[in-house]
Every structure is written in structure tokens, then in C-alpha cells.
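Morning, everyone. I'll take a few minutes on one annotated site and the strands around it. Here is the model.

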Amino acid sequence: MQHNVLILDFGSQYTQLIARRVRELNIFCEIFPYNHIPSDLSSYKAVILGGSPFSVRGEDAPHPDLSQIRGKMPLLAVCYGAQYLAHFSGGEVAASNTREYGRANLSYIKEGETFFDGVSENSQVWMSHSDSIKALPTNAVKLASTHDVEYAAYKIEGETTYAIQYHPEVYHSTDGKKMLENFLVKIAEVPQNFTPNAFVDEMVAELKEKLGNDKVVLGLSGGVDSTVAAVLLNKAIGQNLYCIFVNNGLLRKNEFQNVLDQYKGMGLNVKGVDAGDRFLGELAGISDPETKRKTIGRVFIEVFDDESHLLEDVKWLAQGTIYPDVIESVSVKGPSATIKSHHNVGGLPDYMKLKIVEPLRMLFKDEVRRVGATLGIDPELLGRHPFPGPGLSIRILGDITPEKVQILQDVDSVFIEGLKSWGLYDKVWQAGAILLPVNSVGVMGDERTYEKVVALRAVESTDGMTADWVHLPYDFLMKVSNDIINKVKGVNRVVYDISSKPPATIEWE
Ligand SMILES: Nc1ncnc2c1ncn2[C@@H]1O[C@H](COP(=O)(O)OP(=O)(O)OP(=O)(O)O)[C@@H](O)[C@H]1O
Ligand SMILES: O=c1[nH]c(=O)c2[nH+]cn([C@@H]3O[C@H](COP(=O)(O)O)[C@@H](O)[C@H]3O)c2[nH]1
Ligand SMILES: NC(=O)CC[C@H](N)C(=O)O
Ligand SMILES: [Mg+2]
């Protein structure tokens, strides 16, 4: 893969957004922590320095050595980056009188600067800083100001170095993407050749080379990432790819069969392993959410290990890891605090001795979907809502029994089919039902009932990190709750979850 743009992360919440914007320009980019700059920079055509929660004046602040970068290749310094260049090159950075956070407008733009081509006068930019550049570094020229910030942008004469105090990557910087494009395409002349087709061609060639005639196993979940990874690998190594799809007894209604049928038409070598009883047996009596997750993770690995022993001579394990997972584990802040342990076939124990291959580890979710579309994967599969690996187990509060699984599968099916038939499914990022560990009193046909309560959840989100509940039409909620109570025996009450994340989470456990 061409490594075109290098983004240095100083711990800003927006670093990933910079990468998103660059990718939207069809330019490939990679994020590295400021203290792990690659030693070979020959494949990079430009570098971007990101923002940071630190003050450059602080003692523990990131102070990387940029001597191999600055003046040697095009450099764009954003926020902390801009302050960093100023502070260490003859300028001055000091605390602002007021903390600047939010929208501002450019009140001055230097004429004739390529960086501002096509940028409107008074263009709105997003500020988020408490330090300010009080004096420019040596050889710098002011390029833009706002009402409150004199040095909103500058460049260094004799270098292709640009620096901006605002955040072009944030949506509220109306011309931010234009400025990034001006810098990357017009000034740094980075090629815009990172397209799904190019990715597929390059990745297939790379996988062929890397894997040769080796055998590879892959856990298929029916989800987008593992499916796209499988189709790519299948294109590269054909029948040497062995896909395993495990029924953990906690899938959606009829999902095991439906997913297997769907894969049949795709020419994949898939084995369905029905381990439902094994999972439910191991989960019996467990109510604690973390213990449930850990148990499922362990049994997954055991089933997987058993299955790969049935195959001879397997050398590789393929995974559907995508870029946000990678960034999470390499970012300056490191893997974030465990709120919920995600089960993952990824964390395989050493004794399995398989090498890991992850063809999607450089892609964001929407890029994975586009690659999937290029590969001809059914749009319905690519548009599927995310579904957690531990499945319905974390949507059954309290202990899990086969009866409860069946009730929840039926409720979930009425809800999801309802969303589809009302044309709402694609407007919702994720939806599902939760079986609560309480009974409530109801009346059906003049008789008292004392049955289960279910909660419905539907959220909007871009990446699952934050989410808002969806304002589903009342008519829809009325119809679906009526259908659930009438069709699913054992349920006499339906409630709708109106919590956003944070402070709640999407799943209840
Ligand atoms: N039922 C299953 N059978 C086999 N492998 C599975 C199953 N569920 C999950 N996996 C494997 O575990 C990985 C992690 O699952 P998880 O659901 O957490 O991933 P994901 O990010 O949602 O990806 P996907 O879109 O592939 O489901 C999957 O990519 C897949 O390789
Ligand atoms: O693959 C997964 N394994 C897990 O263990 C897991 N737990 C939560 N999720 C999914 O992650 C997103 C965020 O969920 P939370 O707000 O509940 O943390 C939502 O999309 C959840 O469905 C999981 N996915
Ligand atoms: N967003 C940023 O990069 C902020 C930089 C620095 N911490 C400041 O407050 O000024
Ligand atoms: Mg999944």
C-alpha cells in the first residue's frame, strides 16, 4: 500500500477525524503516535501534526524530534502542532486571556495563497485551545487571523510548512476540507489514488504474495467486516481459505441458516458449526455481565481451536480487524479503559501458533462497505446493523435459558421485520430488543397475566462511540408493541429506551 500521508498523534480527540477527511480526498494516510515516528519516511509525501490536550509550555508535553520532517517535506501543523512549531522556533506561545472554544470567522486572509484557494471570505473555523501564539516563529508569514486570534494561520518562508490554530478536520470548519485539499493536492501534490478498486487490486496481489499456498482459517460472523475480509481473501487464495461460522445459540432468529445460505451464493468455503448447546450449557446460571462476556470469549476460542485442529496444516488466522480498532490500540492514549470486555476471536492464546492476517486493518467502516460493494457483496448484507459478538446473551438481563433466548429472538424478529417493512431499517444505525428480568401484571382476554417486559432500543450513531435514541414514529411503536404482545407468548409489556450514549451505552450489559 502506498503510504502517502503521515499523521502524528499528540493525543487529540480529533486525530482520527483528520484521517477521515484525508481519506475522503481518496488519499491514503496513517496515524502514528508522536513518539513512534517511522524511521523510513521515503514513502510519505506529506506530514500532518495534530492537536493535543497538552500545552507546549508544559514539562510532560510531547516534544518530538522533527528534524527528518521539517523543511524536508510538506508539513501541515494543526493547533497544538502550530503552537509547537512556534514555541521551538523562535516564536512565543502563552496562555490566552480567554479560552477559545467553538466557532470563529476568519477576518483576514492573505491574498494569493494557494492554501486558501476557494475559501470564502469570513470563512467559519472551529477553535479549541487555551494557549495562543503571541509571536510567530522565525521566517514565518501570517496567513490568516480571526477577531480574537491574530495568528490563526502562518507559513514558513523557504519551506512547505503551514500551520493553523483552528481545526480543519472538524465539520464546523466550513472550508476545512478545502484547505486540507489545497495543502495535500495543490501544495504537496499527493496523488488521489486511494479508491476501493485500487485497494482491492493491491490487497489481492499483496495477499497472494504473502500467503502463497498456505491455508488460512477465518471466523465468519455474518457481519460486514469478517464477510468483506473473507471475500477479499477468497479472491486471493480461493479454496485455501476455510471460513468457520459458529452458532453460539445467541444469534437472531433463523440467523444461522440464513447466513449460511447467503454465503453459499458467494463461492466461499464455509463450515457452519452448531455449538448452541455448548455455549448455553456453559452460560447456564451466569447473570454477571462481565462473566457472561468472558465465558463466551473462552468458549469461542475453544470451539475455534477444536475446528482448526480438524484441518491440517493451517498456518494463518484471518481477522476482520478495521482501522479504528488499530488506532485504539496504538494511539497516544493507548487502549481505552475497559467499560465492557469485547469478546474477540482475535485474542487467541499462544498455543494456537497461528500467524495473523488482517486485510482490512487500514480501513474505516464506510470504506469497508465500499470495498464490499466493489467486490459485489449483496447490499443487504453490507447494510446490516452491527450485532455484538456475544449476541443476545447481553440483551437477556440476568441468567440465560433456552426459553428466554427464544422469547427474545421472537421479539427481536417482530421489531426488525417491522423496521424493514416501514422503511425505517436503513435510517437506524442499530436496533434490537432487550429482555428484562422483571415480570409485570397485565390483562389479556379478561385474565390476569404476570409476564415479561421487553425494552426496544434503536439508535443513531456513526461509530458506536456515541449514540442518540431514534425518534421512531409513534404509529410504528404502537403497531410493533401490539404485534409483540400478541405474537410472542410470555411478554405482556413493551417499553422504549430513550437514553443516549453517554451516559448510557447502546447495549444494556
Ligand atoms: N458466530 C461467529 N462465528 C465465527 N466467528 C465469529 C462469530 N462471531 C464473531 N466472530 C469472529 O469474531 C470477530 C469479532 O466479532 P465482532 O462481532 O466483535 O466483530 P465485528 O467488528 O462486529 O465484525 P463483523 O462485522 O465481522 O461481525 C469477527 O470479525 C469474526 O471473525
Ligand atoms: O463485537 C462486539 N462485541 C462485543 O462484545 C460488544 N459489546 C458491544 N458491542 C457493540 O458495540 C457498540 C457499542 O456498544 P456499547 O455502547 O454497549 O458499548 C454497539 O454496536 C454494540 O452492539 C459489541 N460488539
Ligand atoms: N486542540 C489543541 O491542540 C489545543 C492545544 C493546546 N492544548 C491548547 O489548549 O491551546
Ligand atoms: Mg459482529
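**The annotated site and strand β9**

Cys-79 is buried, at a relative accessible area of 5%; buried means under 20%, exposed over 50%, and partly exposed in between, with a 1.4 Å probe and protein chains only. Before I go on, the ground rules: this is a predicted model, where local features need pLDDT of at least 70, side-chain atom pairs count only at pLDDT 80 or more, and totals for chains, interfaces and linings use all residues. Residues are numbered from 1 along each chain as its sequence is written, chains are lettered from A and ligands numbered from 1 in the order in which they are written, and side-chain values use heavy atoms, leaving out hydrogens and water.

Which residues does the annotation cover? According to the unreviewed UniProt entry, "active site" takes in Cys-79, His-167 and Glu-169. UniProt positions are in the numbering used here, feature names are shortened, and annotations may be inferred rather than shown by experiment.

Cys-79 lies in the loop between β4 (75–78) and α2 (80–88). Helices (H or I, at least four residues) and strands (E, at least two) are DSSP runs, numbered from the N terminus. Leaving aside residues up to four places away in sequence, Cys-79 touches Gly-51, Ser-128, His-129, Ile-164, Gln-165, Tyr-166 and His-167, contact being heavy atoms within 4.5 Å.

Now His-167. This residue sits in the loop between β9 (161–164) and α3 (176–187), and is buried at 2% relative accessibility.

On to the strands. β4 and β9 pair in parallel over 4 bridges; pairing requires that DSSP find at least two bridges between two strands. Leu-76 has Tyr-162 in β9 as its bridge partner. β8 (residues 153–156) runs antiparallel to β9, again with 4 bridges, and Ala-153 stands opposite Ile-164. β8 and β9 form a hairpin with 4 residues between them, where Gly-158 in the turn has a positive phi of about 80°.

Which way do the β9 residues point? Thr-161 and Ala-163 point one way, Tyr-162 and Ile-164 the other, and all are buried. In a regular strand, side chains alternate between the two faces of the sheet.
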